[in-house]
Amino acid sequence: MTERIVVAGGGPVGLAFAGAASGFDVTVIEASPSRVPPVEGFDLRVFAVSPGTRDFLRELGAWAELDEERIAPVKRMEIFGDDGARLAFAAPSGGQLASIVEAGRLTAALEKSVARRGNVRVLRSTPASSFGAGAGGAWAELANGERVEGDLLVGADGPDSPVRTALGMAVDERPYGETAVVAHFETEHDAQGLARQWFLPEGVLAWLPLPGSRISIVWSAPAAVADALSALEPQALAARVRDAGGACLGDLRLASGVARFPLRWIRVPQPVARGVALIGDAAHAVHPLAGQGVNLGFQDAKALARVLAERSRLERAGDLAVLRRYARARSEDVGAMQLVTHGLDRLFAAERPGVAALRGAGLRMVERASWAKRLLATRAMR
Ligand SMILES: Cc1cc2nc3c(=O)[nH]c(=O)nc-3n(C[C@H](O)[C@H](O)[C@H](O)COP(=O)(O)OP(=O)(O)OC[C@H]3O[C@@H](n4cnc5c(N)ncnc54)[C@H](O)[C@@H]3O)c2cc1C
């Protein structure tokens with residue numbers, strides 16, 4: 001009999017897992033209504049999607065659902081320290097380091113691609129109110145009283161993961177005391193596929209290229225600075241962002257609303273238990289400075305689907321031994337990304353004397369070491 005999987009959360013990661021889990025009957029439960037992105041205008045939320053993720057999305061048939069004209073390639077990246085140090089790197093052999101994709105359109109594309117599969121049903125506008133999992137199987141109870149049962153429960157329900165809470169899975173969670181301020185700007189000069197990031201005394205500022213003469217910015221700033229930035233009039237905010245980036249693209253004009261995301265670090269030491277596995281932000285949240293959160297989540301989805309496909313005939317999808325193979329497969333990648341993003345954020349947030357000089361020396365050292373730059377570029381592309 002075909003085994004059944006219940007996926008809590010139809011965000012990008014839950015939908016990608018549903019698409020990859022062939023050979024199962026999959027039900028995705030999603031609290032929010034269907035998001036049909038408006039034709040005009042650009043989503044405020046964008047993801048820097050790595051080439052590895054792009055390949056996975058191609059395999060799922062979701063990439064083909066995206067309009068190439070709305071995707072901006074990142075060909076090079078420049079990182080600036082607070083004492084003028086600079087690190088620049090490009091993808092090997094003229095390739096791309098990342099693609100900037102609208103979050104809402106990517107989710108819609110994934111939903112379209114899973115709708116073509118006969119084995120997946122997506123229940124929208126359907127919050128689940130309780131969950132259970134164990135040796136006897138897994139279940140989710142919907143707010144309307146209906147119960148969805150399966151052999152495995154996959155928690156893809158985001159950083160506050162109700163699945164994680166319901167099943168009492170331990171979590172180490174710490175607020176950064178920083179808020180990411182996100183907005184889009186029209187620029188006087190084209191970014192030409194160059195992403196830039198500054199480590200400033202007021203936080204980490206990233207400029208990502210968008211199609212046309214536009215950029216998306218993510219300014220991860222101490223909460224008080226973020227409050228002050230979001231209180232500025234559009235012109236004053238544009239001038240502030242322009243000056244923080246040394247006016248390298250000329251004048252800026254605010255082209256969107258301004259959103260704020262309080263930042264947290266989340267680590268789940270054991271993202272599996274009998275009958276349940278966590279993927280995406282439910283299993284880990286990293287600082288956005290490396291633009292890797294959703295990429296890690298897609299790699300979780302791919303790894304869990306692969307481990308399930310490779311299980312022996314005697315094993316069931318919810319067996320702890322099977323799920324532990326998934327947890328092991330992901331622990332190094334997730335741990336390394338958390339260490340690097342957290343470490344960089346703390347290093348650049350430190351104000352002790354001598355630390356600025358150390359940071360500058362580190363960036364210059366990597367800039368001179370071609371092997372280290374290759375390593376960084378290769379890591380970013382996974
Ligand atoms: C400012 C900022 C910039 C970022 N930039 C990047 C970037 O450039 N590149 C990158 O890789 N990552 C980036 N990230 C990280 C990225 O946003 C997340 O990693 C990603 O959204 C996680 O996707 P997910 O599907 O795991 O979770 P979510 O997107 O949170 O989806 C979870 C889903 O579960 C649903 N849900 C929750 N509870 C229930 C319930 N009880 N019943 C039913 N449904 C439920 C929710 O409605 C939601 O749709 C950024 C993050 C921030 C804050």
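This report describes a sheet, a helix, the nonpolar cores and one arginine in a predicted model.

## Basis

Residues are numbered from 1 along each chain as its sequence is written, and side-chain values use heavy atoms, without hydrogens and water. Because the model is predicted, local features need pLDDT of at least 70 and side-chain atom pairs count only at pLDDT 80 or more, while totals for chains, interfaces and linings use all residues.

## A sheet of three strands

Helices (H or I, at least four residues) and strands (E, at least two) are DSSP runs, numbered from the N terminus. Two strands pair if DSSP finds at least two bridges between them. Three strands form an open sheet in the order β3-β7-β4, with antiparallel pairing. β3 (46–49) and β4 (72–74) are the edge strands, each pairing on one side only. On average, neighbouring strands of this sheet are turned by 25° against each other, direction ignored; axes are lines fitted to C-alpha atoms, for helices over the stretch in contact, and angles run from 0 to 180 degrees between N-to-C directions.

β4 is joined to β7 (residues 98–102) by three bridges. P73 has S99 in β7 as its bridge partner. Helix α3 (residues 103–115) lies across β3 and β7, at about 85° to β7; contact means heavy atoms within 4.5 Å.

## One face of helix α6

Which residues of α6 (residues 234–244) are buried? They are L237, A238, V241 and A244, where buried means under 20% relative accessible area, exposed over 50% and partly exposed in between (1.4 Å probe, protein chains only). Seen down the axis of α6, these buried residues fall within an arc of 130°, so they line one face of the helix. The arc is that of the directions from the helix axis to the C-beta atoms. The cover over the buried residues of α6 includes β14 (194–200) and α5 (223–231).

## Nonpolar cores

A nonpolar core is a set of buried Ala, Val, Leu, Ile, Met, Phe, Trp, Tyr and Cys residues joined through side-chain atoms within 4.5 Å. The largest has 48 residues, and L106 and L110 are among those with the most contacts inside it. Helix α7 (residues 293–309) gives the largest share of this core, eight residues. A second, separate core of 22 residues includes F80 and W207.

## R214

R214 is in strand β16 and, at 25% relative accessibility, counts as partly exposed. F185 is 29 residues away from R214 in sequence, but 5.6 Å away in space, C-alpha to C-alpha.
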